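Keep the viewer open as you read.

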Amino acid sequence: MYRLAVVVVLLLSTLLWAETQEEAYYRAMKAEESGDISAAVKAFEEAVALTGPYTAELQEILQGYYEALGIKGESEKKSPLSFRFLGDVGFNGLKYNESKTRDDVDEYGGDLYVSLTPFLDYATGDYLHSFGLEASGDWFLMNDNMPALDTSDWNLSLGAEYALIGPTLMLNVGANLNLAEREAASFSAFGFGLKEFYRNGKNRFGVALWAYYKSTGPLSSALYATWNRTATYGWSGNAYLGVRFEADSVMNYKQYVDDYKNAVISTVEQAYDAGRMAYMDACFQEHVDNIGQCFEMNLDSLYWDQLVNEVADTISVATTNYYALWLGPALRGKVSYKFRTNITLEAKANLSYGFVLDGPDEDYEKVQKFSGTWGGMISWKPKFCQLYLGFEQIYRYYVLPEYYKNIYSKSSMLSQLKAGIKWEI
């Protein structure tokens, strides 16, 4: 009888004091706020195992953690291999403005684009290895009305990338082969590494290194101190503050002007000498008895200016390039808010200011450059697809010394209105 009473008391205690799904949910949230991600994930899994009204929501939160941490849920742990397929199809409305002291540019166009990327993911321990192959392309509309932007009718990019994701480490590297109408093929490569050193709740702090290279464009790299905050719902954001280095090929304009001037003078002198000899021969034959008057004619005033005007339009001089080096502060960041309806609002910016460390001449080394990219987006992700609508501007402004005014554009802005659909299967 005593044993039966003990069993009954234990059963009643279990029923009376058993944890509810709401209580497990609350315990998981407290662990999340304290920064104990392992305890939070375990508590969310225990809450899912309990019956209650929040099962679907809890499963979605867990899936977000699994994706962010690169781990698998219990139902997926049979194989370390998995496949994903990402796609993006959309349209960009383009507006380009360019301002000089004398001339202004105002152009409009459009861009249809598509991107397809299959991924192979491999999980080992706390790390996720991801391998991707990408094919993307653009088809530009009304680009005949955009001569300053100088877009081809189409371009195509084929690339490969690798990502490593761990508890406090992320690495992403890749390379692309770029093809465009009427242009030679070009090569580009990129790399990004992030190491976290400190966590406080949902806030994480670390350092990041970013680099980008294109065979027809600039070499850029940046070193940042970083802050990241990630939440399944509500506010998320990041900020990167550091220094940016850039090496870019620029036209050695002063050398070009000197080469052009010397070529014109040399050609005119040769033509002048030949013309003068022909003139003197004809004059001697016509004035055999008084050849002195042939020396009294001012041939310069009759012939030199005419030769300069004729020759100047026919001279072509090869341009010489110089790798200018830039260095300056850089700031980039993003803030977003995700509603439980899976609607997300996002704003981002990427700003840098550059000073010339080394340029083709003393005047060019006085040039300063501000580069800014900013924009916002609203998106809705009902299931595996995401619909988005956004706006972005790419702005560049130069502080120019007197010599380079009216040679380079003082400012330019490319505005883009984006709409499309992304999906992950």
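Which element gives the largest share of the nonpolar patch? The answer is E4, with three residues. Please bear in mind throughout that this is a predicted model.

## A nonpolar patch on the surface

The patch is formed by Phe91, Leu112, Trp139, Leu141, Met142, Trp154, Leu156, Leu158 and Leu177, and together they have about 780 Å² of accessible area. Two elements give two or more residues to it: strand E3 (127-141) and strand E4 (154-165).

Leu177, one of the patch residues, lies in strand E5, which covers residues 169-180. Its relative accessible area is 40%, so Leu177 counts as partly exposed.

## A buried serine

Leu177 also turns up among the contacts of Ser186. Ser186 is found in strand E6 (residues 183-200) and counts as buried, at 8% relative accessibility, because the cut-off for buried is under 20%. Leaving aside neighbours within four places in sequence, Ser186 is in contact with Asn176, Leu177 and Asn178, and also with Lys214, Ser215 and Thr216.

Now turn to strand E12 (residues 368-380) and strand E13 (residues 385-399), which pair in the antiparallel sense over 13 bridges. The two form a hairpin, with four residues between them. To find your place in this pairing, look for Phe370, which stands opposite Tyr397 in E13.

E13 also pairs with strand E14 (residues 411-424), again in the antiparallel sense and over 13 bridges. Here Ile394 stands opposite Leu414 in E14.

## Aromatic pairs

How many aromatic pairs does the structure hold? There are 15 aromatic pairs. One of them, Tyr253 with Tyr403, is edge-to-face, at 6.4 Å centre to centre and 70° between the planes. Tyr253 lies in helix H5 (residues 253-286) and Tyr403 in the loop between E13 and E14, so this pair ties together parts that are 150 residues apart in sequence.

Trp374 and Tyr395 have ring centres 6.1 Å apart and planes at 40°, so their pair is tilted. Because Trp374 lies in strand E12 and Tyr395 in strand E13, the pair ties together parts that are 21 residues apart in sequence. Trp374 is partly exposed at 28%, and Tyr395 is partly exposed at 22%.

Finally, ring pairs link Tyr253, Trp326, Tyr364, Tyr403, Tyr404 and Tyr408 into a cluster.

Technical notes:
Residues numbered from 1 in each chain as written. Predicted model: local features only at pLDDT ≥ 70, side-chain atom pairs only at ≥ 80, totals over all residues. Heavy atoms only, no water. Patch = residues over 30% accessible without salt bridge, like charges linked within 9 Å, V, L, I, M, F, W, Y side chains within 5 Å. Areas by Shrake-Rupley, 256 points an atom, 1.4 Å probe, with all protein chains shown as cover. Salt bridge = Lys/Arg side-chain N within 4 Å of Asp/Glu carboxyl O. Buried < 20%, exposed > 50% of the residue type's maximum accessible area, 1.4 Å probe, protein only. Contact = heavy atoms within 4.5 Å. Pairing = 2+ DSSP bridges. Phe/Tyr/Trp six-rings, centres within 6.5 Å; stacked < 30°, edge-to-face > 60°.
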